[in-house]
Amino acid sequence: DRSGAVTRLWVRNLVALAVVAVAIVILGVFELYPPVSTYRRTIEPDLTVRRGASVPLRGQTWRLGSVRRITALPKKVFGPSIPMGALLIAVTLERSGPPIEEPCVGFLTDGHRRWRDQASSGESFPVSPDATGFCSRPGPLQFNFLLPSDVAPTALDITGSRDTILLRITL
């Protein structure tokens with residue numbers, strides 16, 4: 001009977017199609033979701049806080065202290081200077097509690113572009129006497145950014161390992 005063979009063939013093909021569909025879903029969940037999730041954490045912060053507000057982060061309380069715009073540094077024979085058309089923005093964060101173990105990096109953003117903290121790039125500018133440039137040390141934390149003078153940053157991102165944004169503070 002030929003129609004019975006065709007029916008069995010269709011059933012077998014549908015079962016095979018279902019098995020392939022399940023395999024694709026499983027592959028997508030276990031292979032594609034983790035990298036996409038990790039990527040999403042590099043562009044979307046875990047926490048966002050407005051200027052002036054405090055936020056708990058890994059056992060510490062963080063708050064934006066000051067944002068200074070510096071156009072010239074004191075003249076020294078040896079030492080960095082601010083290039084023409086550039087601006088040094090020094091952002092100080094007030095922190096209380098034990099220092100966090102994980103290293104962190106600061107980024108300024110205007111919503112479309114990001115600028116990395118100068119200390120992370122090897123160029124050092126004077127840090128406030130009571131502040132540190134390292135998340136793993138206690139006390140106020142300062143990030144320095146060398147930007148074009150026409151840029152208007154809107155937020156400071158603090159990133160942890162794997163470049164995930166731990167905290168975004170609006171300026």
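Let's start with G85, in the loop that links β3 (60-70) to β4 (86-96). Strands here are DSSP E runs of at least two residues, helices are H or I runs of at least four, and both are numbered from the N terminus. A word on the source. This is a predicted model, numbered from 1 along each chain as its sequence is written, with local features needing pLDDT of at least 70, side-chain atom pairs pLDDT 80 or more, and totals for chains, interfaces and linings using all residues. Side-chain values use heavy atoms, without hydrogens and water.

Is G85 buried or exposed? G85 is exposed, because its relative accessibility is 52%. The cut-offs: buried is under 20% relative accessible area, exposed over 50%, partly exposed in between, with a 1.4 Å probe and protein chains only. Leaving aside residues up to four places away in sequence, G85 touches L147, P148 and S149. Contact means heavy atoms within 4.5 Å. Take P148: 63 residues from G85 in sequence, yet 6.0 Å away in space, C-alpha to C-alpha.

Now β4 itself. Nine of its eleven residues are buried, so the rest of the structure largely encloses β4. On one pairing, β3 and β4 run antiparallel, joined by nine bridges. Pairing requires at least two DSSP bridges between the strands. V67 has V91 of β4 as its bridge partner. β4 also runs antiparallel to β7, with eight bridges. There, L87 stands opposite L147 of β7.

Last stop: T132, in the loop between α2 (118-121) and β7 (141-148). T132 is buried, at 9% relative accessible area.
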